[in-house]
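Keep the viewer open as you read.

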Amino acid sequence: MDAHPAITEAPPAAGEGAVLELYESRQVPLGGVRGMRVDRLLPHRSLPTVGGWCFLDRFGPQRTDMRVLPHQHTGLQTVTWPLRGEIRHRDSLGNDVLLRPGQLNLMTAGHGVSHSEFSVGDAPLLDALQLWLALPAGRAAGEAGFEQHTELPVYEDGGLRATVFAGGLGGTVSPATVYTPLAGADLELAPGTAASVPLRPDFEHALLVLSGELEVAGTRLAAGPLLYLGTGRDEVTVSAAAEARAVLLGGEPFPDELVMWWNFVGRSHEEIAAARAGWEEGDRFGTVPGHGGERIPAPALPGVRLRPRSRRSR
């Protein structure tokens, strides 16, 4: 949603094995929302993807009137996971739903979809994660779709309670429809918890502390940066002296080279340019009811050719 988006080229993941690498967030303005900024964890210049996860923003906690007017997506799934506050989602497929903490909105863009997101109430306390999943080549240009899941499965081990909102964790599988092997879970740890979180060694993983402090594989981690765990792990140990919360992301290293620009995920300059033209000039993305003619216009394409590049050595 940046007003002046940079070019982000997301290459296949490297199989470097188990690592412990910290990636700091950067603050960026949320396009179309005056005064609202978000902490962006993905994509990072040298870590553009974790499995199919290609985008991760945390907006909040802050008191704000969030009014994100209709905008469009292609080639991805949006995953909205609220921590505090309520969000009204409306889209060009005719869905109009209220999203609360503990519930999941999953929108599959495919060839093209548009939607809006508004906070509910007068300057409410809002805290949420907005994530994108890159769609594989065989599904990237398919039909759009939307799902809301109000009840999600939980993996438990002692003082660890993990709500699995996407993919699977330790045999607990989310009902959300995804198109690549992956994991997405919200971990809550009671005070004094020490637990081993099961992982798939063929996945790469990353962990973000949302509140409190964790020790992860012997590394102390506070809220803020993303801890990249690499591949080759069948478990990771986590412990918390006090109550803590984190999100775990993982997935099979994504096989395709991607070009990400503004709200689009594609595989070539031509694909991105055509999607932008479709938003500005055509009806490819449909209309979101209830907004009249209001929408977020597309920024100008940069003066260089958009192209994928290899993941940089870290």
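Rings of Phe, Tyr and Trp (for Trp, the six-membered ring) pair if their centres lie within 6.5 Å; planes under 30 degrees apart count as stacked, over 60 as edge-to-face and the rest as tilted. With that in hand, you can pick out one aromatic cluster formed by W261, W262, F264, W279 and F285. Before going further, note that this is a predicted model: local features need pLDDT of at least 70, side-chain atom pairs count only at pLDDT 80 or more, and totals for chains, interfaces and linings use all residues. Residues are numbered from 1 along each chain as its sequence is written, and side-chain values use heavy atoms, with hydrogens and water left out.

Across the whole structure, a search finds 8 aromatic pairs. In one of them, the ring centres of W261 and F264 are 6.3 Å apart and the planes meet at 20°, so this pair is stacked. F264 also pairs with F285, this time in a tilted arrangement with 6.3 Å from centre to centre and 40° between the planes. W261 and F264 are both buried, as is F285; buried means under 20% relative accessible area, exposed over 50%, and partly exposed in between (1.4 Å probe, protein chains only).

Another member of the cluster, W279, has the charged end of R295 over its ring, 4.5 Å from the centre. Such a charge counts if NZ of Lys or CZ of Arg is within 6 Å of the ring centre and within 35 degrees of the ring normal. Elsewhere, R90 lies over the face of F118, at 5.6 Å from the ring centre.

W279 is also one of the buried residues of helix 1, together with H269, I272, A275, R276 and G278. What do the buried residues of helix 1 pack against? Their partners are strand 6 (67–73), strand 11 (113–119), strand 25 (258–261) and strand 26, where contact means heavy atoms within 4.5 Å.

Finally, turn to the open sheet, where 7 strands follow the order 3-4-5-12-7-10-13 with antiparallel pairing. Strand 3 (26–29) and strand 13 (145–149) stand at the edges with a single partner strand each, so one side of each is left without a neighbour in the sheet. Two strands pair if DSSP finds at least two bridges between them; strand 7 (residues 76–84) and strand 12 (residues 125–134) are joined by 8. Among the residues involved, W81 has L129 in strand 12 as its bridge partner.

Key. Helices (H or I, at least four residues) and strands (E, at least two) are DSSP runs, numbered from the N terminus.
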